[in-house]
Amino acid sequence: MDFAIEQLPAADIDELGPLWQQLLAHHSQQAPHLEELAPVRSPESSWQLRRELYLQWLSSPDTAALTARGPHGLLGYAMVRVVADRPGSWQWGAEPGDRVGVLETLVVHDDARGAGVGQALLDAARHHLDRHGLKIMKISVIAGNEGALRFYRREGAVDFVQTLVMPLSPPP
Ligand SMILES: CC(C)(COP(=O)(O)OP(=O)(O)OC[C@H]1O[C@@H](n2cnc3c(N)ncnc32)[C@H](O)[C@@H]1OP(=O)(O)O)[C@@H](O)C(=O)NCCC(=O)NCCS
């Protein structure tokens with residue numbers, strides 16, 4: 001597949017909206033159990049919220065919106081940023097201040113999956129963080145997204161925390 005990896009300027013943020021909405025659809029399909037706790041946002045409101053966060057993150061020079069651009073438009077993107085993280089147990093980075101990378105989003109267009117685009121975006125995200133002197137990248141995966149887990153594990157990712165959500169009133 002023919003594509004180039006580029007860094008997207010914040011001014012072009014709206015190019016990411018349709019792919020974000022595909023990711024939202026993918027998540028709600030992979031994790032129907034979560035709809036027993038809360039409804040899924042509409043694609044429009046989900047993108048507006050995410051757009052705001054992206055712009056906030058992109059105001060830091062450490063954040064990168066990495067895109068895979070094909071001849072007919074975007075095939076996927078990765079949003080990666082750097083955060084301070086000093087848990088008492090593991091030393092993720094060099095002293096004095098531990099910092100880690102966070103892969104906030106990785107999505108490949110429905111019609112372009114399984115052709116190496118995700119791999120190229122992941123490599124670009126790792127390269128970006130490596131240039132910032134980081135050693136670790138955190139990734140959150142929605143429970144049920146087994147394909148994504150397989151993809152990350154093949155690249156050396158291992159299990160870290162398991163996040164649960166529960167209703168405040170217990171089931172009868
Ligand atoms: C996960 C994802 C980013 C991988 O990108 P990709 O371009 O399809 O991946 P590559 O072609 O580089 O590698 C293929 C691997 O991706 C994984 N994969 C996950 N979902 C897939 C899908 N729908 N179609 C094909 N491969 C998929 C598989 O592990 C596959 O490896 P396999 O051949 O051993 O099964 C992409 O499939 C995607 O956007 N999925 C939906 C959104 C998502 O789950 N994002 C991750 C959120 S944490």
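Which side chain meets Arg126 in a salt bridge? Keep that in mind as you open the viewer, and remember that you're looking at a predicted model.

**Stop 1: Arg126 and its partner**

Select Arg126, then Glu155. Their side chains meet in a salt bridge, with 2.9 Å from N to O. Now colour by secondary structure: Arg126 sits in helix H3 (residues 117-131) and Glu155 in the segment after helix H4 (146-154), so this pair ties together parts that are 29 residues apart in sequence.

Side chains of opposite charge can pair when their charged atoms come close. A search of the whole structure turns up nine salt bridges, so let's visit some others.

**Stop 2: Arg51 and Asp14**

Next, select Arg51 and Asp14. Here the salt bridge spans 2.8 Å, N to O. Arg51 belongs to helix H2 (residues 43-58), while Asp14 is in the loop between strand S1 (4-7) and helix H1 (17-30). The two are 37 residues apart, and the pair links distant parts of the chain. Arg51 counts as partly exposed because its relative accessibility is 24%. Asp14 is also in the partly exposed class, at 42%.

**Stop 3**

Now pick Glu104 and Arg81, whose side chains form a salt bridge of 2.7 Å, N to O. Glu104 is in strand S4 (residues 99-108) and Arg81 in strand S3 (residues 73-84), so parts that are 23 residues apart in sequence are tied together. Glu104 has a relative accessible area of 23%, so it is partly exposed.

How far apart in space are Ser60 and Arg81, C-alpha to C-alpha? The distance is 8.5 Å, although 21 residues separate them in sequence. Ser60 is in the loop between H2 and strand S2 (64-70), and its relative accessible area of 28% makes it partly exposed.

**Stop 3: a trio**

Select Glu6, Glu15 and Arg69 together. These three are linked in a network of salt bridges.

**Stop 4: the ligand**

Zoom in on the backbone. A backbone N or O atom of Gly114 is 2.7 Å from a ligand oxygen. Ala115 also has a backbone N or O atom by a ligand oxygen, at 2.9 Å. Then find Gly147, where a polar backbone atom lies 3.3 Å from an oxygen atom of the ligand. Taken alone, the ligand would expose 840 Å², and the protein buries 78% of that.

Which elements build this shell?

**Stop 5: a nonpolar patch**

For the last stop, select Trp90, Phe160 and Val161 and show their surface. They make a nonpolar surface patch of about 350 Å². Phe160 is in the segment after H4, and it is partly exposed, since its relative accessible area is 44%.

Methods:
Residues numbered from 1 in each chain as written. Predicted model: local features only at pLDDT ≥ 70, side-chain atom pairs only at ≥ 80, totals over all residues. Heavy atoms only, no water. Salt bridge = Lys/Arg side-chain N within 4 Å of Asp/Glu carboxyl O. Helix = DSSP H or I, 4+ residues; strand = E, 2+ residues; numbered from the N terminus. Buried < 20%, exposed > 50% of the residue type's maximum accessible area, 1.4 Å probe, protein only. Polar contact = N/O pair within 3.5 Å; in protein donor to acceptor, adjacent residues only side chain to side chain. Areas by Shrake-Rupley, 256 points an atom, 1.4 Å probe, with all protein chains shown as cover. Patch = residues over 30% accessible without salt bridge, like charges linked within 9 Å, V, L, I, M, F, W, Y side chains within 5 Å.
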